[in-house]
Amino acid sequence: MSTPTKTGNPPAGLADRGVVMRVMFGAWLQQALYVAAKLDVADALADGPRAAADLADAVGADPTALTRFLRGLGAVGVFDEPAPGVFALNGPAEYLRSDTVDTHKYIAILHGEEAYAACAEALHTARTGKPAFDKVYGTTYFDYLAENPGARSTFDQAMGRETAVPQVVAGCDFGDVGVVVDVGGGTGALLAAVLGDRNGLRGVLFDLPAAVAAATANVARLGLADRVEVVGGDAFEAFPPGGDVYSISRVLHDFDDEQVLTVLGNAHRAMRPGARLFVFDALLPDRPGFNPGRFADLGMLMVLGGRYRTQAELCGLVERAGLRVVAVRHAEGGDPRAESVIEATRD
Ligand SMILES: C[S@@+](CC[C@H](N)C(=O)[O-])C[C@H]1O[C@@H](n2cnc3c(N)ncnc32)[C@H](O)[C@@H]1O
């Protein structure tokens, strides 16, 4: 057993154990983050530090339990405790506020609910390669969302913020006239960014039927109802025809390679010669090591049976579908989770 040293530094063995313990208790920490996000704790601290009892009263929690959740998070650097029993926002906790530009609140809620419960069957995934989600819920993730509008709404809220459009979209040439078809378009954030004030461009937002109601409402809210047609359908069946440019943003990582080939094959069939396709996705590095994409990849494995890919892997699938890759661009700034774009054309 390790004992503290006289210098106060942790013994070498303890540092290693700390790494294992942090991962081992990670599920509980993730739930603590979920609790803080779901109860809007960060919003309740927006005007300054609050004592636990006052904070618990504001968010509808038990003061002792909330204190312990926040101290657990504080141990890994989320939330401060400037005086005993008084809690405050810090840099990481700011990401749990509702209305900041790059809030992670909604994604923390998404990951804390069904996706979290599914991970109890991680061993099933390890043994079979099949999604844990399907074993726990008896259906695939997107079918589950279709049958549970509340869960679909949580999903759309996590994905669909206008601010969450991939940074590289700004550097893509969608042209000034014609039709942009965004496949798996969610609630329309990408089309809104692309169409902007290019009045000659029209959009088709294509997504699963379960996504159509929220997409239609959001497209109207964005003032784009007369320029964007919302179409429900299945990218495994066919893409809407007639696009000059197709885009598919943060969708292919939801699928395994065979599924990606089916979807890209449908892109190829829908595209006329000369039409272009922009594939937006976060890419994994070629080498092992720290990258948050590795964590997200585990989620894809267990929840959807999908995967994140390296540039070579994703470009390889695009080419196998008969499309020609003409450019790959990466986001600036070194954010390892920022999306890249693969631009392809049909010859
Ligand atoms: C991770 S979200 C990405 C949403 C949005 N494109 C973005 O960049 O934030 C994946 C989207 O693909 C849609 N999707 C999943 N399977 C699909 C399918 N078979 N056909 C059409 N859309 C699908 C989902 O409904 C969801 O809106």
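Contact here means heavy atoms within 4.5 Å. The structure is a predicted model, in which local features need pLDDT of at least 70 and side-chain atom pairs count only at pLDDT 80 or more, while totals for chains, interfaces and linings use all residues. Residues are numbered from 1 along each chain as its sequence is written, and side-chain values use heavy atoms, with hydrogens and water left out.

**View 1. N291 in the loop between β8 and α16.** The loop runs between β8 (276-284) and α16 (292-304); helices (H or I, at least four residues) and strands (E, at least two) are DSSP runs, numbered from the N terminus. N291 is in contact with P285 and P336, leaving aside its neighbours within four places in sequence. Its relative accessibility is 9%, so N291 counts as buried (buried is under 20% relative accessible area, exposed over 50%, partly exposed in between, with a 1.4 Å probe and protein chains only).

**View 2. The contact of α2 with α5.** The axes of α2 and helix α5 (residues 63-75) come within 9 Å and cross at roughly 120 degrees. Axes are lines fitted to C-alpha atoms, for helices over the stretch in contact, and angles run from 0 to 180 degrees between N-to-C directions. The two helices, α2 and α5, are therefore oblique to each other (angles under 35 degrees count as roughly parallel, over 145 as roughly antiparallel, 65 to 115 as roughly perpendicular and the rest as oblique). From α2, the residues L29, A32, L33, V35 and A36 meet F69, G72 and L73 of α5. Of the residues in this contact of α2 with α5, seven are nonpolar, one is polar and none is charged (Ala, Val, Leu, Ile, Met, Phe, Trp, Tyr, Cys and Pro count as nonpolar, Asp, Glu, Lys and Arg as charged, and the others, Gly among them, as polar).

**View 3. D40 in the loop between α2 and α3.** This loop joins α2 (26-38) and α3 (41-44). D40 is not a glycine, yet has a positive phi of about 60 degrees. With 27% relative accessibility, D40 counts as partly exposed.

**View 4. R250 in the loop between β7 and α15.** R250, a residue other than glycine, has a positive phi near 55 degrees. Its relative accessible area is 24%, and R250 is partly exposed.

**View 5. Domain 1 and domain 2 of the chain.** Domain 1 covers 12-105 and domain 2 covers 159-345, with bounds from an automatic or database domain assignment. The C-alpha centres of domain 1 and domain 2 are 34 Å apart.
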